[in-house]
Amino acid sequence: IDQVTISYSGTLAVGSPVIFTADYATGSDITFEWLFGGGQPKSSSSPTVTHVFQEASVYIIQLAAYNEVSHQFDSVELSIGTNDCLPPHVMIVGANPLEISVSASLELEADVAIEC
C-alpha cells in the first residue's frame, strides 16, 4: 500500500452524511479501518464509507489501511457545525418598490422556500 490519504465530500453539519474516501496510489486486498472521533471503528474492504455526525464539534478522522504486506495511516481534522436555517430574505418588488401610498390598499403575496 502506498500514499494513503483521506478525502471527503458533503455538508460538514450535524445530521448530514459525509462521504469519506481512502485515496491510494498502489495496493490490493486492502482493509480500511476508519475511526470518527470516538466510538467503534468501521472496517471495510471498500475505500469509501459514509458517516453522519450527531454533535457539533471538532473531530479527528483516522484511517488505517492495511493488507498482509504493509500498512499506511492518515488523519484529518474536521469541524462539524450545526445546519441552522437562516431567516428568508424579504424585499418589496415592483415598478417603484420604495413608494407605498398610505391611502391605497396593499396586498402582499409571499412565496417562501426554506431549505435546511
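## Asparagine 67: burial and location

Asparagine 67 counts as buried because its relative accessibility is 19%, where buried means under 20% relative accessible area, exposed over 50% and partly exposed in between (1.4 Å probe, protein chains only). The residue is found in the loop between strand 6 (57-66) and strand 7 (71-80); strands (E, at least two residues) are DSSP runs, numbered from the N terminus.

## Basis of the model

This is a predicted model, in which local features need pLDDT of at least 70 and side-chain atom pairs count only at pLDDT 80 or more, while totals for chains, interfaces and linings use all residues. Residues are numbered from 1 along each chain as its sequence is written, and side-chain values use heavy atoms, with hydrogens and water left out.

## Surroundings of asparagine 67

The side chain of asparagine 67 reaches the backbone nitrogen of valine 69 at 2.9 Å. A polar atom of that side chain also lies 2.9 Å from the backbone nitrogen of serine 70.

Not counting residues up to four places away in sequence, asparagine 67 touches Ile1, Ser28, Asp29 and Ile30, contact being defined as heavy atoms within 4.5 Å.

## Residues with positive phi

Aspartate 29, one of the residues touched by asparagine 67, is found in the loop between strand 2 (17-23) and strand 3 (31-36). Its phi is positive, about 50°, although aspartate 29 is not a glycine. With a relative accessible area of 73%, aspartate 29 is exposed.

Glutamine 3 is placed in the segment before strand 1 (5-10). This residue is not a glycine, yet glutamine 3 has a positive phi of about 55°. Glutamine 3 counts as exposed, at 54% relative accessibility.

Terms used
Helix = DSSP H or I, 4+ residues; strand = E, 2+ residues; numbered from the N terminus. Polar contact = N/O pair within 3.5 Å; in protein donor to acceptor, adjacent residues only side chain to side chain.
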